[in-house]
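Q: Please take a close look at one strand of this model and at what surrounds it. Which strands pair with it, which charged side chains meet, and where does the nonpolar core come in?

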Amino acid sequence: MLSCDCVGALRRADFNKVEEVWCSLRARRRGHPRPMGRLTTHVLDAAHGCPGSDIKVELYRVEGAQLELINSVTTNHDGRCDAPVLQGDDYRTGVYQLHFHAGDYYRARGVKLPDTAFLDVVVLRFGIDAGQEHYHVPLLISPYSYSTYRGS
């Protein structure tokens, strides 16, 4: 039997897919040649078995050796951001970095971390092809490891 958290996650996944289709249809109806793209993320805390809430997430566009801050958000109670991290005219082909402030999150939870935490800020560098409608980059974290993948 699935726990309430698992059932909730499945329902959110279904809702996200419906929302993606709806946005695509709405964009086509408004005359856009292709649906407007978006980047979303969420964080799961593997150490505590719960969503990673109140985690600061920064999105940077990588331009050569420079980083341009595009957006800064905080995850909600469900470990998700209330809106896409990147969308609209800012959504374009390029290399990006998401910075997840995991050390601050674990310290706020009362986890004893060394002064120099093993994972203080988790940095994920990835590419976006603006021809793709949606990129979802989830993060599974603990104080000493992380995992990510291209979600849906």
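A: Strand 3 and strand 6 (residues 94-100) are antiparallel partners, joined over six bridges. Strands here are DSSP runs of E with at least two residues, helices are runs of H or I with at least four, and both are numbered from the N terminus. Two strands count as paired if DSSP finds at least two bridges between them.

The model is predicted, so local features need pLDDT of at least 70 and side-chain atom pairs count only at pLDDT 80 or more, while totals for chains, interfaces and linings use all residues. Residues are numbered from 1 along each chain as its sequence is written, and side-chain values use heavy atoms, with hydrogens and water left out.

Strand 3 covers residues 56-63, and six of its eight residues are buried. Buried means under 20% relative accessible area, exposed means over 50%, and partly exposed lies in between (1.4 Å probe, protein chains only).

Strand 3 also pairs with strand 4 (residues 66-74), in the antiparallel sense and over eight bridges. Lys56 has Thr74 as its bridge partner in strand 4, and Arg61 stands opposite Glu68 in strand 4. These two strands make a hairpin with two residues between them, and Gly64 in the turn has a positive phi of about 65°.

Turning to charged groups, the whole structure holds five salt bridges. The term means a side-chain nitrogen of Lys or Arg within 4 Å of a carboxyl oxygen of Asp or Glu. One of them joins Lys56 and Glu58, at 3.4 Å from N to O. Glu58 is buried at 10% relative accessibility, while Lys56 is partly exposed at 37%.

Another salt bridge links Asp78 and Arg80, with the closest N and O atoms 3.7 Å apart. Asp78 is buried at 15% relative accessibility, and Arg80 is buried at 16%.

A further one connects Arg107 with Asp104, the closest N and O atoms being 3.8 Å apart. Arg107 and Asp104 are three residues apart in helix 2 (residues 102-108), which means that about one helical turn separates them. Arg107 is partly exposed at 34%, and Asp104 is partly exposed at 47%. Asp120 joins Asp104 and Arg107 in a network of salt bridges.

Leu59 and Leu98 return in the largest nonpolar core, which has 28 residues; Leu39, Leu59, Leu98, Phe100, Phe126, Ile128 and Ile141 touch the most other members. Such a core is a set of buried Ala, Val, Leu, Ile, Met, Phe, Trp, Tyr and Cys residues joined through side-chain atoms within 4.5 Å. Strand 3 supplies at least two of its residues, as do strand 1 (38-45), strand 6, helix 2, strand 7 and strand 8 (134-142).

Ile128 has contacts, meaning heavy atoms within 4.5 Å, that include Leu39, Leu86, Tyr96 and Tyr135, leaving aside residues up to four places away in sequence.
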